[in-house]
Amino acid sequence: MEVRLFGASGTSVPVLGQGTWQIQSSDVVVRTLQRGVDLGMTHIDTAELYTGAEEVVGRAIRGRRDDVFLVSKVMPKNASRRGVVAACERSLKKLGTDSLDCFLLHWSDGSHPIADTMLGMRDLLWQGKVRNVGVSNFDVGQLEEAAAALDEYELVCNQVRYNLIDRSIEDEVIGWCEARGVAVVGYSPFEGLADYSAAQRAALETVGARYEKTVRQVILRYLTRSSSLFAIPKASSLAHVEENAGGEGFELTADDLAVIEAAFPAGSAG
Ligand SMILES: NC(=O)c1ccc[n+]([C@@H]2O[C@H](COP(=O)([O-])OP(=O)(O)OC[C@H]3O[C@@H](n4cnc5c(N)ncnc54)[C@H](OP(=O)(O)O)[C@@H]3O)[C@@H](O)[C@H]2O)c1
């Protein structure tokens, strides 16, 4: 599995990780997450919002905590300075670990000033309960605010929606993050896939045929095509996670990119 530096964390993280939104609590799901880790998809993304998911992840990583890059998120309503610390402690307990590799503010809704949340994040860094701090669903203005509030600490990532139907982060967010060495973690990579037109599907199949890759594998490769980009597809079965793990290890040419982008123009609505 291809790895790249995760922002300023100093840690190499696989380009493809694993999401856990709406995962069920079952042995199959636990084995799927473990299979993903075995295949190199060691970045596991979860959140206090994802009911039951942190416990499932905790089961999956028991005895192999050091093999994973573990990320969780605090909800905005809990993101006061003290609330962030309390939320992290709850997540750690559910995950069965004593530290997170990265802790994110899930989104900002004004419940608490971003600067207050970042003070809580700094407390967690100080206490060693988190190794890195990131945000999610932040626009450039919010990114500036968070980065300034972290002061001497680095903002390492922004986790944002990124798929072929919604390429809006290409307008400003990716550029801002690349210029400052902030990782861009794209979520919901397969959103809209069921509604692709026949022409869109054919474009992806044409590119996939060049590398013996599936449509989903081409999508994941496209979404991780440059050095700041990561993707975190969610899968609930061995077959799905194994297919997704194959979404790397090949390079899309300029012609491939042109074929894909002609089928999915930036700004196109799904
Ligand atoms: N920060 C945020 O605000 C935010 C928002 C949304 C998501 N996220 C994170 O990003 C992760 C991924 O996004 P997502 O869960 O919205 O959607 P996604 O990864 O784009 O798609 C997940 C769906 O695709 C299916 N799937 C996955 N691999 C497949 C394969 N190889 N073949 C057929 N079907 C496949 C899954 O089915 P099965 O489950 O049956 O395998 C599931 O129904 C989330 O789980 C979460 O961790 C973050």
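Helices (H or I, at least four residues) and strands (E, at least two) are taken as DSSP runs and numbered from the N terminus. The structure is a predicted model, in which local features require pLDDT of at least 70 and side-chain atom pairs count only at pLDDT 80 or more, while totals for chains, interfaces and linings use all residues. Residues are numbered from 1 along each chain as its sequence is written.

The model contains an open sheet of 7 strands with the order 3-4-5-6-7-8-9 and parallel pairing; two strands are said to pair if DSSP finds at least two bridges between them. Strand 3 and strand 9 (229–231) stand at the edges, each with a single partner strand, so one side of each has no neighbour in the sheet. Direction ignored, neighbouring strands of this sheet are turned by 25° against each other on average. Axes are lines fitted to C-alpha atoms, for helices over the stretch in contact, and angles run from 0 to 180 degrees between N-to-C directions.

Strand 3 and strand 4 (69–74) run parallel and are joined by 3 bridges. The bridge partner of His43 in strand 4 is Phe69, and Ile44 stands opposite Leu70 in strand 4. The chain passes from strand 3 through helix 2 to strand 4 in a right-handed β-α-β crossover. A crossover is termed right-handed if, with the strands pointing away from the viewer, the path from the first strand over the helix to the second runs clockwise.

Burial was assigned from C-beta atoms placed from the backbone: a residue is buried if 20 or more other C-beta atoms lie within 10 Å of its own, exposed if 12 or fewer, and partly exposed in between. Strand 4 is mostly covered, with 6 of its 6 residues buried. Burial extends to both of its faces, with Phe69, Val71 and Lys73 on one side and Leu70, Ser72 and Val74 on the other. Strand 4 is also joined to strand 5 by 4 bridges, and these two strands run parallel. Within this pair, Val71 has Cys102 of strand 5 as its bridge partner. The crossover from strand 4 through helix 3 to strand 5 is a right-handed β-α-β crossover. Helix 3 lies across strand 4 and strand 5 (102–105), at about 135° to strand 4.

Helix 2 (residues 53–61) is largely enclosed by the rest of the structure, because 7 of its 9 residues are buried. These are Ala53, Glu54, Val56, Val57, Gly58, Ala60 and Ile61. Their cover includes helix 1 (27–38), strand 3 (43–45), strand 4 and helix 3 (81–95). Contact between two residues requires that their C-beta atoms, placed from the backbone, lie within 7 Å.

Val130 is located in the loop between helix 4 (114–127) and strand 6. This residue counts as buried because it has 27 C-beta neighbours inside 10 Å. Neighbours within four places in sequence left aside, Val130 is in contact with Cys88, Ser99, Leu100, Cys102, Phe103, Leu124 and Leu125.

Further along the sheet, strand 6 (residues 133–136) and strand 7 pair in the parallel sense over 4 bridges, and Val133 stands opposite Leu155 in strand 7. Strand 6, helix 5 (residues 140–150) and strand 7 form a right-handed β-α-β unit. Strand 7 (residues 155–161) is mostly covered, with 6 of its 7 residues buried. Strand 7 also pairs in the parallel sense with strand 8 (residues 183–187), over 5 bridges, and Gln159 stands opposite Val185 in strand 8. Another right-handed β-α-β unit consists of strand 7, helix 6 (residues 173–180) and strand 8.

Positive phi values also occur in residues other than glycine. Asp151, in the loop between helix 5 and strand 7, has a phi near 60°. With 10 other C-beta atoms within 10 Å, Asp151 is exposed. Ser188, in the loop between strand 8 and helix 7 (198–211), has a positive phi of about 50°. Ser188 is partly exposed, with 18 other C-beta atoms within 10 Å.

The ligand is surrounded by 23 residues, of which the closest are Gly19, Trp21, Tyr187, Lys234 and Ser236; a residue is near a molecule or strand if its C-beta atom, placed from the backbone, lies within 6 Å of it. Helix 9 (residues 238–245) provides the largest share of this shell, 3 residues. By class, the shell has 7 nonpolar, 11 polar and 5 charged residues, where Ala, Val, Leu, Ile, Met, Phe, Trp, Tyr, Cys and Pro count as nonpolar, Asp, Glu, Lys and Arg as charged, and the others, Gly among them, as polar.
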